[in-house]
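This report covers a ligand site and one part of a sheet. The sequence and structure come first.

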Amino acid sequence: MLQQRGTQMATEAPLQFRDPDAATELADRLEELMNEISEPVNVMHVCGSHEQAIAKFGLRSLLPDGLSVRMGPGCPVCVTNMPEVDEAVSLAEDGAIVVTYGDMYRVPGTSKSLADASAEGADVEIIYSVSEAVELAEEHPEREVVFFATGFETTAAPTAAVLAAGVPDNFSVLSAHKYVPPAMEVVAALPETDIDGFLAAGHAATITGYELFEDFVDEYQIPVVVGGFEPLDVLLGIERLLELIRDERAGLENAYPRCVSEEGNTAALDILWDVFEPTAGEWRGIANIPDANLIIREQYADYDARKRFDIEPDTGAANPLTEQCLCGDIMAGTADPDECALFGEECTPANPVGACMVSSEGTCKIWLEYGGRPDL
Ligand code: SF4
């Protein structure tokens, strides 16, 4: 019988970055380091993909006593502000075809999500890449197609590349893109978060490079390690952080060198900053953060939906349960999902109250999916 090349190895040997023996060794090393530090340590990661890896592979169960690893503002869908969703809903209700990534579809605005608008007859399409959005505009030259663009620098760069390359006249972008480093500064400055070290997101750093964090480390005197997303990547990143914390050294390390370089993807960065400029903006439930929202520069104003259309959302009445949502506190690292009275009860993936229960990168959804605190 023919055997597909590679399957023999896959069944007999663990995947390189999921090797349980190596994970156990790293877990032992974390315990050693915590014994040397001999006081509680709070580490924050800034990425839903890190939280997924931690939950999916049960990595919290390997952590020694006294070591807490929390998720910060690392879910771009979750930090998309309600008024931004309201703008997208308004454009769809006014007759545009609004296209967006799947995670945004069900994120509640003040009173409606794009899914609600779609159910009422608005034209909302889910796409997997910005190129698909442009193709849709080419297929419907008689309609306005608005790309509701969310995500951090990793997804902002492709949006910028498409605009820089030229798009159809009936295509525009409603930017809700965000830029992570200023948000880390805000969270680091919150006295209640008390963070001893940051595990920075490896995929964003493939674009920005790890040198970007040098100023942050110097200013806040908090160590930063850039980490990848396989279980061993996460454990290795935490180990490097604990070494820096033990040595009382505010250092910067790259624990994901197979993908991240010092300077990043300079071509992508050039395009990103050619099309977008940073401005202050509200991150849902967290704060108004200087330089953390990416808006389209004047030279691309023709393709900026906010400049092309008069957007006047009719928001309607807000869901009263929203007031109980702790999503902002969770992303600031000051609360956990199971501290929310609505977690898994009134708020579920089928009926989300807050954005953290919608996205596959949202802490509440991840915790519910993987069984809550005892199993994480
Ligand atoms: Fe918000 Fe729902 Fe999470 Fe509670 S469980 S914090 S309501 S998203």
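## Ligand site

The ligand sits in the largest cavity of this predicted model. There are 13 residues around the ligand, and C325, L326, C340, C347 and C364 come nearest.

By class, 12 residues of the shell around the ligand are nonpolar and 1 is polar. The shell has no charged residues.

## Burial of strand 5

Strand 5 spans residues 145-151 and is mostly covered, with 7 of its 7 residues buried. In a regular strand, side chains alternate between the two faces of the sheet. In strand 5, V145, F147, A149 and G151 point one way. The other way is taken by V146, F148 and T150. The residues on both sides are all buried, which here means under 20% relative accessible area.

## Neighbours of strand 5

Which strands pair with strand 5 in the parallel sense, and over how many bridges? Strand 3, residues 97-101, runs parallel to strand 5 and is joined to it by 4 bridges. Strand 6, residues 171-177, also pairs with strand 5 in the parallel sense, over 7 bridges.

From strand 5 the chain passes through helix 8, residues 153-165, to reach strand 6. This β-α-β crossover is right-handed.

Notes: Residues are numbered from 1 along each chain as its sequence is written. This is a predicted model: local features need pLDDT of at least 70, side-chain atom pairs count only at pLDDT 80 or more; totals for chains, interfaces and linings use all residues. Side-chain values use heavy atoms; hydrogens and water are left out. A residue is near a molecule or strand if one of its heavy atoms lies within 4 Å of it. On a 1 Å grid over the protein atoms alone, a cavity is a set of points where a 1.4 Å probe fits but cannot get out, and a pocket is an open set with protein on both sides within 12 Å along at least five of seven lines; lining residues have an atom within 4 Å of a point. A molecule sits in a cavity or pocket if more than half of its atoms lie within 2 Å of its grid points. Ala, Val, Leu, Ile, Met, Phe, Trp, Tyr, Cys and Pro count as nonpolar, Asp, Glu, Lys and Arg as charged, and the others, Gly among them, as polar. Buried means under 20% relative accessible area, exposed over 50%, partly exposed in between (1.4 Å probe, protein chains only). Helices (H or I, at least four residues) and strands (E, at least two) are DSSP runs, numbered from the N terminus. Two strands pair if DSSP finds at least two bridges between them. A crossover is right-handed if, with the strands pointing away from the viewer, the path from the first strand over the helix to the second runs clockwise.
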